[in-house]
Amino acid sequence: MLRGRVVDSLGNGIAGAVVSLAELKVGTTTASDGTFSFASLPAGRYTVVARRIGYSSAVRDVLVTGATDLTLQLRETPFQVEPVTVTATRSATSTLRSPLPTSALSEDQLRREQSISLAKSLSKLPGVRSVSSGEQIGKPMIRGLFGSRVLVMENGSRLEDYSWSDEDAPSVDARLAQRVEVIRGPASVLYGSDALGGVVNVIPEDLPTAEGGRGFNRLGVEVYGATNNKELGTALKLTGASGRLGWRLFGVGRFAESYSTPDGEVENTGFLAANGEAAVGIRGPRANTSLRFSHYGGEFKLLEAGGPPPGTVEGEEEGPERKLADDRLQLSSDYLFGNFRLETKAQYQRHSLQEVSDDACKFAPASCGVIDNRLAASLVTAPEQEQPAFDLLLNTGTLDVLGHHSLGEYVRGTIGVSGLYQKNDSHGPIFLVPDATVKSIGAFLFEDFTKGQWSFLGGARFDSRHLEAEPNSAIGLIENDYRDWSTTSGNLGAVFRPISTVALAGNFGVAFRAPTLFELYSNGPLLAEERFVIGSRDLRVERGFNFDASARWETPRFRGEIAGFSNRIDNFIYLTPTSQLAQNLRIFRYLQSDARMTGGEISAEAHVAEPVTIRARHDFVRGTNEDTDEPLPLIPPARTAGGIDFRTSPSWATSFFVGGEVEYVAKQTRPNSEDFVTGSYTLVNMDVGVERNFLGRATRLEVGVRNVGNVRYKNFLSRYKEFALEPGRNIIIRISTER
């Protein structure tokens with residue numbers, strides 16, 4: 001049994017703090033006097049983490065040999081530092097012991113930055129950007145790499161969705177997360193293909209337990225509105241526990257109209273989304289099992305390439321629209337056998353993606369009842385009616401079996417096996433890729449040796465991947481096409497801690513990425529982007545060789561990091577325009593060359609006085625095509641930001657904060673010849689919020705203002721930059737309550 005108390009710096013109990021066991025993924029909430037307990041806990045070593053908004057998190061490694069008592073002290077602070085990471089090593093470890101640069105958004109930061117776009121929420125982290133199409137679509141970019149080179153996971157299981165196009169984003173809502181962890185750099189040794197540039201892990205709150213105490217139910221409600229795109233949303237969360245059984249229902253609904261710029265409204269950029277999860281789990285004496293179902297879906301309108309200028313279109317909105325439905329069922333278990341923990345994760349994912357467009361008739365007249373090949377060839381006006389342009393369905397099953405072990409006092413690690421089976425079904429009338437089946441299996445070993453001030457971490461992995469594409473005459477594939485890839489990856493890192501609050505780390509990693517279906521077989525139009533994309537069936541596996549070094553310093557009143565990296569990628573796959581046309585669209589082709597990415601990040605936060613915290617960050621990246629010595633396309637320009645927060649606990653409220661940030665984004669002075677170069681700009685963002693008990697419920701009122709000065713600017717990483725500005729001033733009001 002483990003019991004204890006969470007207290008503040010004066011020794012007073014903190015109510016409502018979440019205490020969790022990282023290895024078992026279960027949590028409980030402290031009572032009014034700050035006490036908590038985990039009954040029937042088998043003997044072993046556990047990582048205990050306590051979190052509470054407004055306080056720094058606390059972590060303790062505890063050896064439980066019987067009835068064990070523990071006191072965790074939290075200090076009031078305006079910024080939250082996640083003390084552990086589970087993504088960097090696949091088991092809980094201190095962030096200072098990770099050889100890879102890691103970042104995290106805490107629950108408080110997620111609330112302030114939350115949007116329908118996960119990437120937009122993450123873009124406040126150093127080294128992380130968003131490749132966007134309006135407010136609703138964004139791909140996380142880590143150190144200049146994005147799309148299928150950045151692996152996105154939810155609760156430790158990979159998300160397999162279509163991410164080849166500028167119009168697709170990860171199918172996960174950050175509002176459902178307690179925190180989001182990011183690895184800035186390759187992690188193929190732990191996660192296989194697609195982790196070439198980094199990893200994003202969206203982690204939900206641990207399921208509660210009431211073992212040893214009374215059962216309970218808690219209800220949380222949130223509503224918000226935003227002025228710029230008339231966005232409205234609500235979130236409803238119900239959690240509860242009875243004995244060893246815990247559950248959670250969490251739903252989020254969002255609706256928005258087209259966004260506005262200082263020049264006017266940008267038509268056909270609204271969206272409608274409904275996302276949520278249902279989870280249930282049970283904890284036994286030596287086992288922990290949970291079943292989780294999550295859904296992400298909605299309708300996302302798209303501004304066509306070369307679309308009309310803002311403010312010039314009246315009447316009914318026109319343009320393509322993406323209809324998305326992503327459903328995932330995940331079964332996770334942990335089994336304890338002394339110093340060995342067996343973890344299993346099985347997931348089934350069904351991802352449906354459809355684009356509807358009135359331009360589909362021009363490219364597939366038969367779908368609109370027009371049987372005339374000359375019509376298709378000449379692209380004369382076809383009947384204007386909405387038709388599916390393409391309809392894609394991806395069914396994926398994944399399985400991870402991980403054995404976490406410790407050998408004596410100094411060595412611990414993980415050995416794992418991962419498998420994937422995937423079936424792609426492609427429907428027209430416009431065919432982009434063939435029906436295909438992918439099978440892959442991988443095995444890895446990752447070990448951590450720590451003694452005194454030094455930690456050495458390293459691992460190796462082997463992956464085998466098989467792809468079978470079926471014939472499809474519409475894209476020129478006339479017989480079955482088989483592909484087999486076998487590859488190895490590895491990682492070796494060291495961390496030196498001269499004092500307990502400082503870590504100096506270096507890491508060398510070898511990573512890989514297999515070509516996607518779209519890179520290999522594409523042979524059709526992307527209507528929203530006004531492109532005709534052609535793949536290459538001769539593409540080889542990308543291989544990355546990355547070295548990075550970092551220095552980190554973390555105390556309750558200060559945190560800082562300096563990191564630099566150099567990442568050479570052999571057989572780098574990129575999409576480039578040609579001078580040719582197909583169906584009156586410019587042809588883009590996938591090609592390969594060697595490339596190199598170099599850059600770094602600097603960030604710091606300091607609690608300079610009791611109510612005041614200041615922060616600053618800067619990041620930059622340089623990408624070069626090594627074969628031509630030209631800049632790579634769409635490499636983000638340098639960015640610098642600084643901010644200040646004021647947080648206090650007045651007599652009339654539990655807490656009150658006000659803060660602001662100034663962000664400067666430079667002009668890209670080293671663009672690719674095909675880049676559309678945008679100018680530099682400076683944005684000011686502000687937030688204010690108050691929390692207090694109201695009718696026995698913890699209630700928060702928060703107001704955020706984005707682009708306070710209503711600045712006219714274009715984002716270099718936006719697909720809309722050639723014909724539309726970014727959003728103007730946006731005021732967001734959010735009210736939430738929980739008991």
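This is a guided tour of a predicted protein model, stop by stop.

**Before you start**

Residue numbers start from 1 along each chain as its sequence is written, and side-chain values use heavy atoms, with hydrogens and water left out. Because the model is predicted, local features need pLDDT of at least 70 and side-chain atom pairs count only at pLDDT 80 or more, while totals for chains, interfaces and linings use all residues.

**Stop 1: the whole chain**

Show the whole protein chain as a cartoon. You will find six helices and 44 strands (DSSP runs numbered from the N terminus: helices are H or I with at least four residues, strands are E with at least two). The radius of gyration is 25 Å, close to the 27 Å that the globule rule gives for 739 residues, so the chain is as compact as a globular protein of that length. That radius is taken over C-alpha atoms, and the rule is 2.2 Å times the number of residues to the power 0.38. Along its principal axes, the C-alpha trace spans about 80 × 55 × 45 Å.

Now colour by accessibility. Of the 739 residues, 61% are buried (buried means under 20% relative accessible area, exposed over 50%, partly exposed in between, with a 1.4 Å probe and protein chains only).

**Stop 2**

Select residues 58-64 and 207-208. These are β6 and β17, the edge strands, each pairing on one side only, of an open, mixed sheet in the order β6-β5-β2-β3-β17. Two strands pair if DSSP finds at least two bridges between them. Look for V26, which stands opposite L207 in β17.

**Stop 3**

Move to residues 102-105 and 157-158, the edge strands β10 and β14. Their open sheet is also mixed, in the order β10-β15-β16-β13-β14. Inside it, β13 (150-154) and β16 (198-203) run parallel and are joined by five bridges.

**Stop 2**

**Stop 3: a buried threonine**

Zoom in on T269, in the loop between β22 (264-265) and β23 (271-283). Is T269 buried or exposed? T269 counts as buried because its relative accessible area is 2%. Its contacts (heavy atoms within 4.5 Å), not counting residues up to four places away in sequence, are Q136, E257, S258, Y259, K301, L303 and Y720.

**Stop 4: a nonpolar patch**

Finally, show the surface and select L219, V221, V223, L236, L238, L249, L701, I731, I733 and I735, which make a nonpolar patch of about 740 Å². Patch residues have over 30% relative accessible area and no salt bridge; like charges are joined within 9 Å and nonpolar side chains (Val, Leu, Ile, Met, Phe, Trp, Tyr) within 5 Å. Strands β18 (216-226), β19 (231-242) and β44 (730-738) each give two or more residues. L701 lies in β43 (697-706) and counts as partly exposed, at 38% relative accessibility.

Definitions and conventions: Accessible areas come from the Shrake-Rupley method with a 1.4 Å probe; for residues, only the protein chains shown count as cover. A salt bridge is a side-chain nitrogen of Lys or Arg within 4 Å of a carboxyl oxygen of Asp or Glu.
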